Amino acid sequence: DENFSETYQSSECHIFSYLIIKDSSYKIARADIYIDDKASKDSAKEFLYSKVLKHFVPGIVASLFQASTHSRYIDMILDEFKEKLSDSHQMDMNTWNHDLFLSPKSAPEIGILPGGYHLTKLNDAHVDQLAKQWAEDIGESFSSSFSVKDCIKSNIRYRPSFGIFTESSDSLVAWITLYSGGSLGMLHVLQGHRRKGLAKILIRTMVDCVQKAHGGVVYRLHANVLKGNTASENLMLSEGWERQPRNCKMMYFTKS
């Protein structure tokens, strides 16, 4: 596999996840890390060394490397990456204005779609539509170090992904996917189909699917919401998702 990822939940319900992405030259270009704020510092450090940093062998890191994290241990994580890359890269850090939300501790009631729609899984035929919309949402600069289409294909082929289609023309009007790091993402409803509860049904369907895949265990997903995106923030809160106390931090490393 070109990329590496793992998500697990401890017996104390602490969630750890990471996603390591390689570029077209098979060098590590990005790492996304989530460490539950309630986990101990020792367990966070153990996670970093045993799961994440072991992949960073000499010569495998791209000229531009990005690492993002949700954790109250941001300083510790930063220090570990700086030490690991000190011989080849220099560091500059910025802050993403994203809030983290955790899904409810209870199983969801999916609800009923309004008339004129049906819900089914996405497939490769939908990649271009999702990629075009995502590129508009995140900006073209993001695609310079990250393949939008490759990410969407991976989400659709290897993890749950759902779309809502019109009955009349079978047009895709709303969708949701799951990143390999365990984060809900790409939730979007086209204009003209909003305020009908489609986003809520997609979120609940995804949570229900993941919980069933874990044998009915209440597995808590996480999601990033751009700060200031009031509609999405209110949606997550109305669905019982809990806003976490810290933003996502992004670290940039460039080849020295």
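Analyst: The largest nonpolar core has 27 residues, and those that touch the most other members are I33, I35, V52, F56, F65, F81 and M251. Such a core is a set of buried Ala, Val, Leu, Ile, Met, Phe, Trp, Tyr and Cys residues joined through side-chain atoms within 4.5 Å; buried means under 20% relative accessible area, exposed over 50% and partly exposed in between, with a 1.4 Å probe and protein chains only. At least two residues of this core come from each of strand 2 (15-22), strand 3 (28-35), helix 1 (41-52), strand 4 (61-70), helix 2 (74-85) and strand 11 (242-255). Helix 2 gives the largest share, six residues. Helices (H or I, at least four residues) and strands (E, at least two) are DSSP runs numbered from the N terminus.

This is a predicted model, in which local features need pLDDT of at least 70 and side-chain atom pairs pLDDT 80 or more, while totals for chains, interfaces and linings use all residues. Residues are numbered from 1 along each chain as its sequence is written, and side-chain values use heavy atoms, leaving out hydrogens and water.

Leaving aside residues up to four places away in sequence, I33 touches S17, Y18, F47, L48, V52, S68, T69, H70 and F81, a contact being heavy atoms within 4.5 Å. A second, separate core of 24 residues includes L198, A199, I203 and W241.

L198, A199 and I203 are among the buried residues of helix 5, as are I201, L202 and M206. Helix 5 spans residues 198-213 and is followed by G215, whose phi is positive, near 70°. The cover over its buried residues includes strand 6 (117-121), strand 7 (161-166), strand 8 (172-178), strand 9 (183-189) and helix 6 (230-238).

Within that cover, seven of the seven residues of strand 8 are buried, so strand 8 is largely enclosed by the rest of the structure. On one side, strand 7 and strand 8 pair in the antiparallel sense over five bridges, where pairing requires at least two DSSP bridges; S161 has T177 of strand 8 as its bridge partner. These two strands form a hairpin with five residues between them, and D170 in the turn has a positive phi of about 60°. Strand 8 also runs antiparallel to strand 9, joined by four bridges, and W175 has H188 of strand 9 as its bridge partner.

Across the whole chain of 256 residues, 47% count as buried.

Note on methods
The expected span of a helix is 1.5 Å times one less than its number of residues.
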